[in-house]
Amino acid sequence: MKFSLLTTWRVASGALLASLLLCTQAQAALGRAPQPRPAEAATSATESTPAVRQMRTVPPSEAYTVSTIVAPTGTVVQEFVNAQQLVFAVVWQGPVLPDLAAFFGDHYVAFQRAAKERRAAGQRGGALLAQQPDLVMVSRGRMGRFQGHAYIPSLVPSGVNLQALLP
């Protein structure tokens with residue numbers, strides 16, 4: 001069976017449109033308000049199984065809520081939201097590194113900068129750390145076993161023991 005150039009173009013443009021639609025799902029990012037993430041939406045263009053998201057409110061004595069996302073890969077990501085409805089921390093653990101650009105939002109640039117500086121210094125492997133006034137981030141692991149956390153110190157609710165939330 002022979003495909004014409006027009007048919008090939010239509011198939012390619014349809015696939016591109018589908019992938020763009022899947023990439024527009026709403027998600028929270030550090031320093032932003034959490035957005036609902038439909039349970040039926042796939043987590044990426046290559047994964048057909050949806051992620052599972054659970055919201056949990058901690059006791060009233062605590063000033064935050066927790067949103068847990070379990071990706072089809074088995075990676076668990078927790079987003080911590082303060083009383084002002086802003087994500088102040090993200091914690092991840094699992095066999096596959098999550099899409100940190102989506103969870104870090106505007107702060108992903110700091111993560112990239114820390115990785116670039118580490119490579120420029122000739123360091124390979126080990127934990128990747130970034131500690132700035134507006135972001136603290138640690139990412140470590142290897143294939144099959146990743147974990148890390150990131151938080152914005154100014155958004156952490158007063159009285160919250162941040163170390164108890166981190167892996």
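Reader: What should I know before I start?
Author: It's a predicted model, where local features need pLDDT of at least 70, side-chain atom pairs count only at pLDDT 80 or more, and totals for chains, interfaces and linings use all residues. Residues are numbered from 1 along each chain as its sequence is written, and side-chain values use heavy atoms, with hydrogens and water left out.

Reader: How many aromatic pairs does the structure hold?
Author: In general, a pair of aromatic rings is described by the distance of the centres and the angle of the planes. Rings of Phe, Tyr and Trp (its six-membered ring) pair if their centres lie within 6.5 Å; planes under 30 degrees apart are stacked, over 60 edge-to-face, and the rest tilted. This structure has 7 such pairs. Take Y64 and F88: their ring centres are 5.9 Å apart and the planes sit at 80 degrees, so this pair is edge-to-face. Y64 belongs to strand β4 (residues 64-70) and F88 to strand β6 (residues 87-94), so the pair ties together parts 24 residues apart in sequence. Strands here are DSSP runs (E, at least two residues), and helices are runs of H or I, at least four, numbered from the N terminus.

Reader: Are Y64 and F88 buried or exposed?
Author: Buried means under 20% relative accessible area, exposed over 50%, and partly exposed in between (1.4 Å probe, protein chains only). Both Y64 and F88 are buried.

Reader: Which residues do ring pairs link into a cluster?
Author: That's W92, F104, Y108 and F111.

Reader: And where is H107?
Author: H107 is in the loop between α2 (100-104) and α3. H107 counts as buried because its relative accessibility is 17%. Beyond its neighbours within four places in sequence, H107 is in contact (heavy atoms within 4.5 Å) with L30, D134, L135 and I152.
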